[in-house]
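Dear colleague,

Please find below the structure that I would like to hand over to you. My findings follow directly after it.

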Amino acid sequence: RALHERHGGVEITQVRRQHEDWQQDVTRHLATGRTGEAIAAYADKGMVHAAETREQARADLVERWDRDRQASPDASRIILTHTNAEVRDLNEAAREAMRATGELGDDVRVKTERGDRLFASGDRIMFLRNERSLEVKNGTLGTIEKVSDGHMSVRTDDGRSIAFDVKDYRDLDHGYAATIHKAQGMTVDRAHVLATPGMDRHGAYVALSRHRDDVQLHYGKDDFRDQSRLVHTLSRERG
């Protein structure tokens, strides 16, 4: 900002990611700090969902994600929230939904940089470190085709099949959910967002502008008494 004030700069004002004109307008609101107007616009379209507790909001989000996933299997999607702890819980819940519909193979325990994880064929996976030999970046998403003791093959979302030994690359986690921070630069067809009190204006902008077609925002009333409290928190400027 200081460089821009002193030397000037170029500003991007054209929104390309969202397909619908009204959602492009919402993204401009988010980018310019009009967070309340943005959330109100999504609420008017039935895309903001309150639950009594965060736990219930999380369950509602995963249920909606699961319905959407089965109805539109070819669409790309991500679940977004603020903390790694919430991401872990959401990943576990999403896996349970996948397991319930018989879409996961046998679990294999894998030692990752974040600790032991259970992976199976059919699992969504996220790469967490740039690795040129595999042509993956921090944040690359894919689906596991095969996993055995120490070895994994993955089809990345851009259509490539890659295989590697986990002892050589262990910066992995489940890829159903991600932190908002990790999602900067990501584009998906549909996003499902769990709002928590650690968010601010910048996090709201990123979380609510990763999608092309659809975003669903969930929150618990134990975190935010009502939509006005949600707006208040998601409007905070924390430079």
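Four bridges connect strand β2 to strand β11 (residues 188–194), and these two strands run parallel. In this pairing, Ile-79 lies opposite His-192 of β11. Strand β2 is also joined to strand β10 (residues 177–179), here by three bridges and again in parallel. Please note that the model is predicted.

As to burial, β2 spans residues 77–81, and five of its five residues are buried. In a regular strand, side chains alternate between the two faces of the sheet. For β2, Arg-77, Ile-79 and Thr-81 lie on one side, while Ile-78 and Leu-80 lie on the other. Both faces are covered, as each of these residues is buried.

Turning to the protein chain as a whole, seven helices and twelve strands are present. The C-alpha atoms occupy a box of roughly 50 × 45 × 30 Å along the principal axes. Of the 239 residues, 47% are buried. Among contacts with a separation of 6 or more, 65% are between residues 24 or more positions apart.

Finally, the accessible surface amounts to about 12,500 Å², and carbon and sulfur atoms contribute 44% of that area. The chain carries 39 positive and 42 negative charges, whose mean positions are 4 Å apart.

Yours sincerely

Conventions. Residues are numbered from 1 along each chain as its sequence is written. This is a predicted model: local features need pLDDT of at least 70, side-chain atom pairs count only at pLDDT 80 or more; totals for chains, interfaces and linings use all residues. Side-chain values use heavy atoms; hydrogens and water are left out. Buried means under 20% relative accessible area, exposed over 50%, partly exposed in between (1.4 Å probe, protein chains only). Contact means heavy atoms within 4.5 Å. Accessible areas come from the Shrake-Rupley method with a 1.4 Å probe; for residues, only the protein chains shown count as cover. Lys and Arg count as positive and Asp and Glu as negative; His and the chain ends are not counted. The place of a charge is taken as NZ of Lys, CZ of Arg, CG of Asp or CD of Glu. Two strands pair if DSSP finds at least two bridges between them.
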